[in-house]
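Please open the model in a viewer and keep the selection tool at hand.

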Amino acid sequence: MEVRDQLRAHRYGIHRHSRRQPVARNWSTSKKRIVATIACINTSLLGVVIGIYAGEVPRIQYQLADETHTVILGNVCLYLGLAMSTAIVWPLPLLHGRKPYILGSLAIALPLQFPQAIVVGSPRSPNNHIFKTGLLLSRGISGLVLGFANVNFITTLFDLFGVSLQSNKPHQELVVINDVRRHGGGMGMWLGLWSWCSIGSLAIGFQIGAGIIQNLDPDWGFYIVIILMAAVLVLNVLAPETRRSQYRRSVTDVYNRDENFITRRISQGEVKLHISTQGPKYWFEEVWAGVKLSALMICQWGFAFLALYLGWIYAQIVLVIVLLGALLSRDYRWHPDYVGLGVMSVAIGALLAIPLTKAGIFSRERKRGPRTDSMTLEREVVWTSHFARRILFMLALPAASVAYTVSSAGRRYPYMVPIVFAGVIAFFSVLATAECHGLIMEAYDVCDLQPGVNTRHRLQSMAVEDRRRRTNYSSFPRVSAGIFLSQTIGFLLAAVATAVGGILTRRIGAQASIGVTAGILLFLTIALTIALWRFKAVQVIPNGAFGTRRPTAVPEFGTEVKGLGIDDWKAVIIGNPSGKTRRMSILELGTLSRWTEVRKLNKLIPDPPKRQKRVIT
């Protein structure tokens, strides 16, 4: 029997073509919304797990006869595990996909809840420390495992929508329909919804935990966590993979000065290829490249202030929830279920901030757009200005913290006063969190500038014969590194706030404790405001780019490069600027920022001098 007959016998279609799955940013709107909703549910699950334990701490202390307040360290161990895995393993899903890590993390974290439930299920002797050790060890391992899933939550939104915040009338630039950064449609209100899931879910979990210990044993909290994890695990099994195997490879073009030739490199992953000319051969090389990229990010002063500010906001929310619960329980003598309802003001206040995170809610859509990019930098302050909104949100947050500090003096104020101001803090915290993440996206999104390569320009600056190239399905390495670095700082500060919060409350009181955090937040707010102030005019477009459009000399290419000669080189010009300079802040002047990359492409920043090799004679 011939091969054709064999294929027909097995009913194989010889001429049947398989339909290639589109990239996640090209999915239908309904499919993208379903997957984004699951990503937000995953983020909420982490906050609920943390909050349930925080709400059950008083009853767990009673069950274990904990006189040294060791049980409070349970969430400290969880935060430390989260910080460790979040800081290190975030590049791994670029090699193996996101679903294996989400499903594997939830599948391992689920049985880890059983030992914790068994430990707190019945009263224990205060002289037997093995139960406390087992509880803390299980919490720490759970945090370490959940960190593998945490690195896929917000990045799933990046895979679906990109990291663009540009609306129909963006600031500082004009709309370019073919801009690579607009691929996916932009985050929109999903950024605010994700911010609420990371902050408001803590209060929801606290309310569940406090309600459980009113009439039930604390082990029921862990059983509820098991049920929630199982439900979320089923959702993630049904959800499609946003980074399929055919989209886990990156392509870059490398200019070899010695051989005067341009070569193309294809590699799995993206982080190592983003900072070097060679892709990873083993998985730990990609992890190490992520660590190096994070180190380069934190060495920028502007980003360092921004990351500390973001981390402190998260730690302050954790501290406000714990101190508000202690205030309502001790001073107002509320039962645990009512204490949980009082803390729900944090979730409600954060929920009210979600619509305000979308710029279209304000007057931007009603304002006539500028003709040139330079008109966006005119000396006027309007509500649509990102800078004006960010300064208002950032200054209002420490003011709300001070108001909460004054109102937490005890029974001389009505109980609704501290509850309302706690909700106000959560309201401005979500706004500030969304705006700060937007700052990271705007400043470090270089997907249209061929990330990792400074010797070639983007598509519109290339010659016609060089335009046929494969476009990276970018994972936005700089944005991802910045966000996970800020999350790591937030988890570490939350661990410190959880461990030190109880000690400060017992020694100096809850009012003084929250006053200290408000003072630190005010200092970080002033530092970040200085980092965002555009104080310096910097040239971003080289001379001769306007008018005649004569080619600019490119000395490092020599006289001729195969595939890219001097006549093919053109300056990178974004939008429709009327000038060659732009006012920049400390954040935008960072070594890895978008505008620094543009200046490198336009030969306005000299290459670092090469080290001379020493010759021993």
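In this predicted model, begin by selecting helix α2 (residues 29-63) together with helix α8 (residues 153-161), whose axes lie 8 Å apart and pack at an angle of about 165 degrees. Because angles over 145 degrees count as roughly antiparallel, α2 is roughly antiparallel to α8. The crossing of α2 and α8 is left-handed. To view the contact itself, display the side chains of K32, V35, A36, A39, N42 and T43 in α2, and those of F153, T156, L157, L160 and F161 in α8. Colouring this contact of α2 with α8 by class gives seven nonpolar residues, three polar and one charged.

Next, select helix α9 (residues 190-215) and helix α13 (residues 301-330). Their axes cross at roughly 20 degrees and come within 10 Å. As angles under 35 degrees count as roughly parallel, α9 is roughly parallel to α13. The handedness of the crossing of α9 and α13 is right-handed. From α9, show S198, I199, L202, A203 and F206; these meet Y314, I317, V318, I321 and G325 of α13. Which classes of residue make up the contact of α9 with α13? Eight of its residues are nonpolar and two are polar, with no charged residues.

The crossing of α14 and α16 is right-handed. On the α14 side, the contact is formed by G342, S345, V346, G349, A350 and L352, and on the α16 side by I419, A422, G423, A426, F427 and V430. The contact of α14 with α16 comprises eight nonpolar and four polar residues, and no charged ones.

How far apart are the end C-alpha atoms of α17? They are 44 Å apart, which agrees with the 46 Å that its 32 residues should span at 1.5 Å a residue. Then centre the view on V500, where α17 bends by about 35 degrees.

Conventions:
Residues numbered from 1 in each chain as written. Predicted model: local features only at pLDDT ≥ 70, side-chain atom pairs only at ≥ 80, totals over all residues. Heavy atoms only, no water. Axes fitted to C-alpha atoms, helices over the stretch in contact; angles between N-to-C directions. Helix = DSSP H or I, 4+ residues; strand = E, 2+ residues; numbered from the N terminus. Parallel < 35°, antiparallel > 145°, perpendicular 65-115°, else oblique. Left-handed = near helix turned anticlockwise from the far one by under 90°. Contact = heavy atoms within 4.5 Å. Nonpolar A, V, L, I, M, F, W, Y, C, P; charged D, E, K, R; others polar. Expected span 1.5 Å × (residues − 1). Bend = angle between axes of the 7 residues up to and from the residue.
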